[in-house]
Amino acid sequence: MSQIKQMIILNRQGKGVKTIARMLDISKNTVKTYLFKLDKLLTANLSKKLTTETLLSLDEPELYRLFHPGNPSYKDSRYEYFKANLGYYLKELEKTGVTKAVLWEEYRQSIPDGYSYSQFCFHLDQQQTAKGKPSMILAHKPAEKLYMDFAGKTIHYVDRETGEVIACQLFVACLPFSDYAFAMAVPSQSTSDFLYALSRCMEDLGGVPQLLVPDNLKAAVVKADRYEPDINQALEDFANHYGTAVLPARARKPQDKALVENQVRILYSRVYAKLRNMQFFDLTALNGAIRTKVKSHNQTRMQKKPYCREEKFLADEKALLGDLPAERFELRSYSVLTVAKNNHVYLSADKHYYSVPHILMGNKVKVAYTRSMVFIYHEGKKVAVHSRSFKTGAYSTVKEHLCSHHQHYRDRSPEYYRNLSAKVSKVLYEYVCLLFEQNRYPEQLYRSCDGLLALARKSDTEVLEKACKTAMENGIFSYKFIKNIIENHMEDESVHNNNTALPKHRNLRGKAYYSNQQTIKF
């Protein structure tokens with residue numbers, strides 16, 4: 001382009017065609033062509049007062065355009081037919097299996113002397129480019145966002161025992177500022193696997209970005225919406241645990257996460273292709289190989305840039321990431337349950353009962369449970385915490401959750417009644433101790449003890465002690481016996497046991513007597 005200005009200057013100085021050709025090292029015919037175009041330009045634009053000074057003041061691209069206007073397609077008669085059918089071609093290309101080659105073959109059948117295949121594709125591409133929407137370059141800040149997605153193709157390992165080929169999903173994430181990538185194979189796209197991979201990604205980065213940008217998969221977004229998507233409760237808990245926020249990608253055609261989609265395409269060649277001839281027998285071995293290939297990918301020098309992804313990440317981004325929490329995130333599940341009359345809720349996931357304060361009987365409570373703990377909330381307030389139990393049909397009960405009557409019933413034991421009786425009287429304590437020495441189940445004696453303690457609250461202690469001593473002298477251990485003595489005011493009288501032995505006498509028939517008897521026949 002600069003030679004055009006040189007040619008104009010030399011021509012204005014009066015140099016001939018041969019001299020200009022020799023000085024600019026171009027052919028004489030080229031010089032003649034340019035001089036002809038120059039004269040034509042100056043003559044055709046006399047009304048616009050176009051002069052050589054004006055031409056020399058133009059930038060090279062503007063000047064080049066004046067000398068090389070090109071040949072517009074609309075001057076070609078073939079273009080009229082192509083333009084008339086353009087809408088049909090663009091619509092047909094959206095159909096499955098319809099390619100440009102198929103359309104060109106149909107076009108040449110209608111117009112045998114029409115465009116060649118390359119020209120046909122050129123004009124079609126020009127129209128598609130002009131019709132398409134412009135793309136925007138997004139400026140990313142360091143440590144601001146983490147894009148994540150699952151690769152469309154699965155990756156596999158072989159079960160050593162059965163020989164079955166197990167398909168796994170590949171979780172892919174990247175920081176858009178440095179394009180630093182992370183990838184990991186997980187069994188599925190479930191919420192638990194997704195959050196596990198995401199937590200491992202955070203640990204690999206060594207910090208937490210300000211925003212998480214997931215695709216609209218069910219593990220992250222319950223209901224996709226362009227403006228206010230419903231975030232999965234588990235992902236919100238994850239974000240709260242790590243001190244970050246969730247900003248899902250736009251629904252339907254997300255164009256603001258092109259970097260992670262590009263990462264997936266690159267990993268197809270740098271991970272999938274390089275591991276295609278290798279065999280793995282468990283998920284751990286597969287992830288070990290993936291980690292090695294991704295590390296190599298991050299350390300590969302980027303095109304048109306003097307650094308690799310890892311160098312950019314370490315230099316400008318890692319130090320700006322937030323701190324990791326002290327503990328790993330535990331996935332929480334939620335359920336709304338009604339407190340039963342026994343002040344317990346039944347968690348069907350465990351087939352187990354967990355206690356709630358008795359004042360909440362009949363109320364709705366929200367139960368949040370992790371792998372190891374169960375948390376119960378009522379109106380936003382935590383009312384109970386239990387260690388998670390998987391014992392079917394069993395009860396996890398906190399004593400303080402029971403009403404006073406149930407606490408008493410639950411706490412009953414021989415030692416419990418001995419302690420209570422000792423607080424009343426030493427004699428009553430001795431009587432209760434002897435009561436539990438009877439050859440009966442302790443549970444059968446609990447009501448007798450409750451009755452004795454009730455008598456102790458209603459009666460004079462001295463009267464109760466005399467009644468107990470009378471009962472112990474006669475070896476009678478019964479609540480009713482003590483009650484009768486007190487009600488009949490017999491504590492000062494001696495009570496004799498009527499169960500005396502029969503007197504001895506000689507009129508006894510022993511074994512020998514009956515063995516000597518003869519059988520009488522009738």
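A: Leaving out residues up to four places away in sequence, Leu-146 touches Ala-173, Cys-174, Leu-175, Leu-198, Cys-201, Leu-205, Pro-209, Leu-211, Leu-212 and Val-213, where a contact means heavy atoms within 4.5 Å. This is a predicted model, in which local features need pLDDT of at least 70 and side-chain atom pairs count only at pLDDT 80 or more, while totals for chains, interfaces and linings use all residues. Residues are numbered from 1 along each chain as its sequence is written, and side-chain values use heavy atoms, with hydrogens and water left out.

Leu-146 is among the residues with the most contacts inside the largest nonpolar core, together with Met-148, Phe-171, Phe-194, Leu-198, Leu-205 and Phe-238; this core has 29 residues. A nonpolar core is a set of buried Ala, Val, Leu, Ile, Met, Phe, Trp, Tyr and Cys residues joined through side-chain atoms within 4.5 Å. Buried means under 20% relative accessible area, exposed over 50% and partly exposed in between, with a 1.4 Å probe and protein chains only. At least two core residues come from each of strand E1 (145-150), strand E3 (165-175), strand E4 (180-186), helix H10 (191-205) and helix H11 (233-242). H10 supplies the largest share, 7 residues. Helices (H or I, at least four residues) and strands (E, at least two) are DSSP runs numbered from the N terminus. A separate core of 22 residues includes Phe-436, Tyr-446, Cys-449 and Leu-455.

E3 and E4 run antiparallel and are joined by 7 bridges; two strands pair if DSSP finds at least two bridges between them. Cys-174 stands opposite Ala-181 of E4. The two strands, E3 and E4, form a hairpin with 4 residues between them, and Asp-179 in the turn has a positive phi of about 65 degrees.

Pro-209, one of the contacts of Leu-146, sits in the loop between H10 and strand E5 (211-214). Pro-209 is buried, with a relative accessible area of 1%. Leu-321 is 112 residues from Pro-209 in sequence, yet their C-alpha atoms are 5.4 Å apart.

For the chain as a whole, there are 21 helices and 15 strands, and 36% of the 522 residues count as buried. Among contacts with a separation of 6 or more, 58% are between residues 24 or more positions apart.

A further sheet is open, with 3 strands in the order E10-E11-E15 and mixed pairing. Its edge strands, strand E10 (344-347) and strand E15 (395-396), each pair on one side only. Strand E11 (residues 352-355) runs parallel to E15, with 2 bridges joining them, and Tyr-353 stands opposite Tyr-395 in E15.
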